[in-house]
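Please view the sequence and the model together before reading the points below.

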Number of protein chains: 2
Amino acid sequence: MLNDSLLPKHVQLRAALLKTIEEDLQPGAMIPSERDLTTRYDVSRATVRAAISSLVNEGRLTTVPGRGTVVTRPRVESNLHLASFTQDMRQRGHRPSTEVLSAAVVEAGEATAKALGIGAGDPVWEIERLRLADDEPMAHEVSWYPEAIVPALGDEDLSGSIYAILEATYGVVITDAQQTTWAEQAGHTYAHLLEVAETAPVMVFDRVGSSNDGPVEQTISRYRGDRYQLSMSLQRGPSAR
Amino acid sequence: MLNDSLLPKHVQLRAALLKTIEEDLQPGAMIPSERDLTTRYDVSRATVRAAISSLVNEGRLTTVPGRGTVVTRPRVESNLHLASFTQDMRQRGHRPSTEVLSAAVVEAGEATAKALGIGAGDPVWEIERLRLADDEPMAHEVSWYPEAIVPALGDEDLSGSIYAILEATYGVVITDAQQTTWAEQAGHTYAHLLEVAETAPVMVFDRVGSSNDGPVEQTISRYRGDRYQLSMSLQRGPSAR
DNA sequence: CATTCTCACTGGTACGTACCGGATCGTACC
DNA sequence: GGTACGATCCGGTACGTACCAGTGAGAATG
């Protein structure tokens, strides 16, 4: 039945099961019992269990002692992914808008230069924007992009997604980012911009976005603590000592 | 050798291995061979392999065909993972300690009951702890665990990792969690506990930890904004609209 | 002395058996 | 008609055997 090849049987069986649960079965449906599968595919139960446990481990199947093994209902998408402010707000049910505060070429500071892998003092576009949701301030953002990568960024309409401009005009696709977040008091400057008290808490994000060719963007955002929250899923990872 | 006993042997063996790789072995060191472990603990090789593969799955061990099984070198990157406070602080170079403020069985609130998949009013252990790093307050934590799962939690030493207790005593392994975070002002209660101003910003985490059998824990933590930050990597999700 | 070969040992694969406790359902008994 | 029992399914646990393909150290060879 199996043995098309050099692949271990439990790997082949795994693939076969995956195919059936994707094509023929609905979430919540039961797959054949382990003992049934042993005769169907003419393998031992240990092999069947190896295949199944691999799929259980990836969250595709769930075992229920005494009943059987069922196809897992697909999980709601993890909320933590790389999205532009615009996408993010729409997904949360808000109407996003943007106020461009400034856009100019400046010399890269030390931290920015290091983050972007360029020299300190190299020219970078500095874009400062206020982000609104339903016409109320949600976040303040300052972003830096190397001029060498996006020479004419200032000519574009910066009230929308800069990621879209990068992609359409410069063929640069930001595929992943690393960000650090912490909590601060708004303070003089941002209290005014965000229309909150000076002692109001804000969530600060320091993000470096990268394309396949390396870092492209650094952004420091300050979100109003009273209007923003972030959800994420955690797995027990390799470094979960 | 094993058989303390209500727990399956491979779970006990898993715990035993985890202890040795945490206490006696350096990253990169090899653990005894599978056949060696069968005689040491007087179990079958299948049992040994079950214990090992569970640890491999969580990234604590790595198997090398023809050579052996080695303790995984912890990676410094990927800062966003499921880790206990103790683990987290050690990784950040701090010396963690804990002050247990209270531990009692209470009736589950509505939000907690919903998160844990139990009935409102069902008995849950409520553990309130102050977490210190280098003897200074870092975070305040309140956790809830269903009494049905951990009947005698109050008898344990709660100044360390509760995850470790869950695993060692109850055979419950928290493998993943969903958490939401936002920024707040410390306020009366927490300002005093965390030794900061009432207007000082804190990062709040509302986390639900789950084992393979479902939710086990809800924890609400408040971290001092001036002492804590969170790093994470973002990928462009499947629907990168 | 350098190379090659052998061989013990590793994890990986695959088979078999056996028994347990939980779930389900039909059936026999009040 | 409702309850209790038992047969029978399920996955979970645990044991055993056997062989394979890499690895690596030491022996045999050049």
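Angles between axes count as roughly parallel under 35 degrees, roughly antiparallel over 145, roughly perpendicular from 65 to 115, and oblique for the rest. The model is predicted, with local features needing pLDDT of at least 70, side-chain atom pairs counting only at pLDDT 80 or more, and totals for chains, interfaces and linings using all residues. Residues are numbered from 1 along each chain as its sequence is written, chains are lettered from A and ligands numbered from 1 in the order in which they are written, and side-chain values use heavy atoms, without hydrogens and water.

**Helix pair in chain B**

- The axes of helix α2 (residues 34-41) of chain B and helix α3 (residues 45-57) of chain B cross at roughly 110 degrees and come within 9 Å.
- α2(B) and α3(B) are therefore roughly perpendicular to each other.
- In contact (heavy atoms within 4.5 Å), B:Glu34, B:Arg35, B:Leu37 and B:Thr38 of α2(B) meet B:Arg45, B:Val48, B:Arg49 and B:Ile52 of α3(B).

**Domains of chain A**

- Domain bounds come from an automatic or database domain assignment, which gives chain A domain 1 (9-71) and domain 2 (85-224).
- The C-alpha centres of domain 1 and domain 2 of chain A are 46 Å apart.

**A:Thr62**

- A:Thr62 lies in strand β2 (residues 61-64) of chain A.
- A:Thr62 has 31% relative accessibility and so counts as partly exposed, the class between buried (under 20% relative accessible area) and exposed (over 50%), with a 1.4 Å probe and protein chains only.
- Leaving aside neighbours within four places in sequence, A:Thr62 contacts A:Gly68, A:Thr69, A:Val70 and A:Thr72.

Note on methods: Axes fitted to C-alpha atoms, helices over the stretch in contact; angles between N-to-C directions. Helix = DSSP H or I, 4+ residues; strand = E, 2+ residues; numbered from the N terminus.
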